[in-house]
Amino acid sequence: MAFVLFDGFAYGMLLFMLSVGLSVTLGMMNFVNLAHCAFAMLGGYSAVMLVNHYGWPFLATLPAAFLAAAVASVVFERLLYRRLYRAGELDQVLLTIGLAFMSVGVATFFFTSEQQPILTPSYLRGSFDVMGVTLGAYRLFLIAVGLAVAVLLALTIEYTRFGAQVRAAVDNQRMARGLGINVDGVFAVTFALGSGLAGLGGALAVDRVGLDPHFAFAYLVYVLIVVSVGGLGSIGGSFAAAVLLGISDSAGKYYVPEVGSFLIYLVMVVMLMWRPQGLFGRR
Amino acid sequence: MAATATAVSDAGMALEAQTRWHPAEFVFWAATLLPFVLFPNHLQLASQVAITALFALSLDLILGYAGIVSLGHAAFFGLGAYTAGILSVHRWGDPFVGLVAAMAVAGLFGYATSFIVARFRHLTLIMITLGLGFLLHEVANQASWLTGGSDGLQGVQIGPLAGLFRFDLYGYTAYTYSLIVLFLVFLAVRRLIHSPFGLSLRGIRENPVRMPAIGAPSASHIRKVYTISAVIAGIAGAVLAQTTSTVSLGAINFERSADVLIILVLGGAGRLYGGLIGAIIFLVARDQFSGLAPQFWYFWMGHLLVLVVLFVPGGLLDAPGRIRNAWRRRRAEGRQAEFVRRAAGVSLLASSYALLVISLLWWWSFFGKAPLALGQLLPCLLHSTGPCADTALAAYAIVGQRPYPPSIMWIGLGCLAVGWLLVAIRRPRAKALPGTSTGGSTVP
């Protein structure tokens with residue numbers, strides 16, 4: 001029981017990092033970015049490359065993965081995404097699905113379709129016994145990073161000038177523009193931050209869930225569930241939804257493996273029908 | 001009073017003119033018989049094309065006409081396929097029985113989910129259809145006692161068509177069967193979208209809030225069309241199961257939903273023939289590149305999708321009309337020369353892009369395995385002397401692969417330069433007054 005809770009919480013932290021960026025950008029620009037997990041995959045492959053080929057220490061690759069995803073996302077945002085902000089959601093879905101498909105092809109070309117192993121340092125490989133429960137060091141590390149990211153994000157959004165602009169743009173984009181906030185600029189920075197976090201999540205995910213070219217689609221559903229359950233543009237909502245999803249997914253796989261992911265999808269559909277704005281969303 | 005009557009009859013005549021059969025339509029349907037004569041060895045492929053076209057037609061009804069974006073339409077296709085397949089495993093192999101049962105099952109599920117679909121729009125709707133699609137895929141995956149799970153359904157035995165025609169290896173019966181089903185459904189859909197119901201669907205696509213005000217209840221219309229579309233998707237699935245005698249998870253997975261979306265958008269959504277044309281192009285291309293690993297195939301599909309969304313928003317069938325409109329606009333402004341110049345420039349840019357991509361691929365497939373550093377290989381893109389020539393000769397002698405000709409790259413670069421010049425030059429003109437059209441900046 002305690003193990004499932006612990007494991008699920010660590011998984012939830014991973015899902016939180018993967019999805020919080022999409023939640024905020026969706027809330028701000030209503031841009032349906034189905035290629036979000038492709039940026040996470042980019043982060044994952046950057047980390048794998050740096051550790052296995054260039055011998056970087058694992059911890060140093062995490063900021064690098066963040067940067068790689070953030071830079072790539074800015075390039076795509078400026079070149080492609082911004083052309084479709086005012087287009088219908090069908091065009092946005094098609095463009096980003098197209099990009100996600102391309103990312104799968106590119107990843108296969110450079111890294112083959114095999115699972116990528118990553119060498120984690122020895123201090124992240126052991127486990128501790130606390131009151132009869134075995135706590136894996138890597139899962140503890142995941143939780144620590146996830147909590148740190150969540151706290152940092154919450155502080156940034158709540159107490160900085162940039163955070164205030166983000167909140168204003170999410171609440172009412174036109175009003176924010178009217179007040180002289182450079183919404184496009186704020187959005188570009190937010191988009192980069194969100195994709196960077198996805199890249200960080202992707203790098204951290206390699207050791208927990210593996211990495212192959214289908215990562216871009218395999219985790220898209222989980223990310224979308226977190227976003228839709230948590231509510232668009234809500235960081236606290238994403239956090240709660242990610243933890244909930246992580247724990248229920250672990251519990252489901254542990255106790256009723258024959259049902260598989262069925263329950264998760266069912267919960268997603270029912271939740272969307274019950275509260276289309278998400279559990280914690282305000283709109 | 002008389003004026004109103006004339007206006008009404010004018011509108012009626014305009015609508016009637018839309019429903020009349022265009023000569024090109026006769027040509028198209030006559031051409032569907034050509035595979036019997038010209039490609040008798042590819043009738044299985046032709047049958048696949050007809051089935052996919054049918055599936056795309058069903059998506060077109062809800063996406064193109066009613067404006068419902070669905071990312072999980074394969075659910076109905078898969079339901080139809082599994083219904084027909086499972087019935088045949090339990091010795092109900094008659095094609096018509098399977099077809100009717102598939103229609104019933106897909107229709108029932110479509111009707112049940114249509115109540116959900118009619119309530120939502122935009123992002124929520126996309127996620128709900130995606131979720132329902134994954135849900136059914138997971139059911140088919142887990143209920144392996146019924147569906148065979150990831151191994152696919154075992155023991156599908158389809159009886160002869162109408163008790164007379166067996167499904168043969170060459171696909172004569174298969175193509176005849178799928179073509180007849182496609183044509184009949186097409187006639188029905190054609191009738192449907194030209195009916196007042198079909199017109200109000202288009203109204204709902206444009207504005208679902210206003211349509212009830214003029215007497216077209218959006219929700220109930222969406223429920224109806226969604227159910228009809230589900231039935232057609234079920235038919236397509238059943239025909240696939242029957243003509244290929246196999247049912248696997250591939251009938252119901254996300255890739256199938258995405259494929260049909262790509263096909264429809266490529267051909268042109270909201271047009272009767274969009275899905276049909278798209279299916280022909282997509283499946284013939286996939287057959288030609290069948291040696292390609294699926295990931296690379298999807299890379300090019302994704303690339304195509306990005307290009308279509310950015311440059312041909314209405315799909316291929318919409319492009320001629322857009323070009324014609326641009327030409328008329330320019331002619332009205334007396335700027336034909338500019339139109340021709342820009343059209344030439346855009347086509348040069350497009351062909352330069354294609355040439356550059358081809359040259360890069362050819363170069364990589366030829367020199368990629370050569371024992372040279374990247375720094376030595378890069379110049380081989382532009383000239384074929386020195387180490388490039390040696391490698392080329394060696395590879396040609398050993399493998400017999402055609403060497404990469406750098407001229408392709410040069411032609412591509414030339415097209416790029418000329419095309420860019422043609423597009424970028426602007427006619428010097430007086431400063432535009434506010435509110436006047438600044439035509440000439442839109443791509444024809």
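A:Leu204 sits in helix α8 (residues 183-209) of chain A, where helices (H or I, at least four residues) and strands (E, at least two) are DSSP runs numbered from the N terminus. A:Leu204 has 27 C-beta neighbours inside 10 Å, so it counts as buried; the cut-offs are 20 or more other C-beta atoms within 10 Å for buried, 12 or fewer for exposed and partly exposed in between, with C-beta atoms placed from the backbone.

This is a predicted model, in which local features need pLDDT of at least 70, side-chain atom pairs count only at pLDDT 80 or more, and totals for chains, interfaces and linings use all residues. Residues are numbered from 1 along each chain as its sequence is written, while chains are lettered from A and ligands numbered from 1 in the order in which they are written.

**Around A:Leu204**
- Setting aside residues up to four places away in sequence, A:Leu204 touches A:Leu14, A:Met17, A:Leu142 and A:Val145; contact here means C-beta atoms, placed from the backbone, within 7 Å.
- A:Ala65 is 139 residues from A:Leu204 along the chain, yet their C-alpha atoms are separated by 9.5 Å.

**Chain A overall**
- Chain A has twelve helices and two strands, in the order α-α-α-α-β-β-α-α-α-α-α-α-α-α.
- The radius of gyration of chain A is 18 Å, close to the 19 Å that the globule rule gives for 283 residues, so chain A is as compact as a globular protein of that length. That radius is taken over C-alpha atoms, and the rule is 2.2 Å times the number of residues to the power 0.38.
- Of the 283 residues in chain A, 51% count as buried.

**Where chain A meets chain B**
- In chain A, 34 residues are in contact with 30 residues of chain B.
- α4, α10 (220-230) and α12 (262-274) are the elements of chain A that give two or more residues to that side, and the largest share, 16 residues, comes from α4(A).
- Helix α4 (residues 89-111) of chain A has 23 residues and reaches 32 Å from first C-alpha to last, close to the 33 Å expected (1.5 Å times one less than its number of residues).

**Nonpolar cores**
- The largest nonpolar core has 199 residues, and those with the most contacts inside it include A:Leu14, A:Ala100 and B:Ala236. Such a core is a set of buried Ala, Val, Leu, Ile, Met, Phe, Trp, Tyr and Cys residues joined through C-beta atoms within 7 Å.
- A second, separate core of eight residues includes B:Phe366, B:Phe367, B:Cys388 and B:Met409.

Notes
Contact = placed C-beta atoms within 7 Å.
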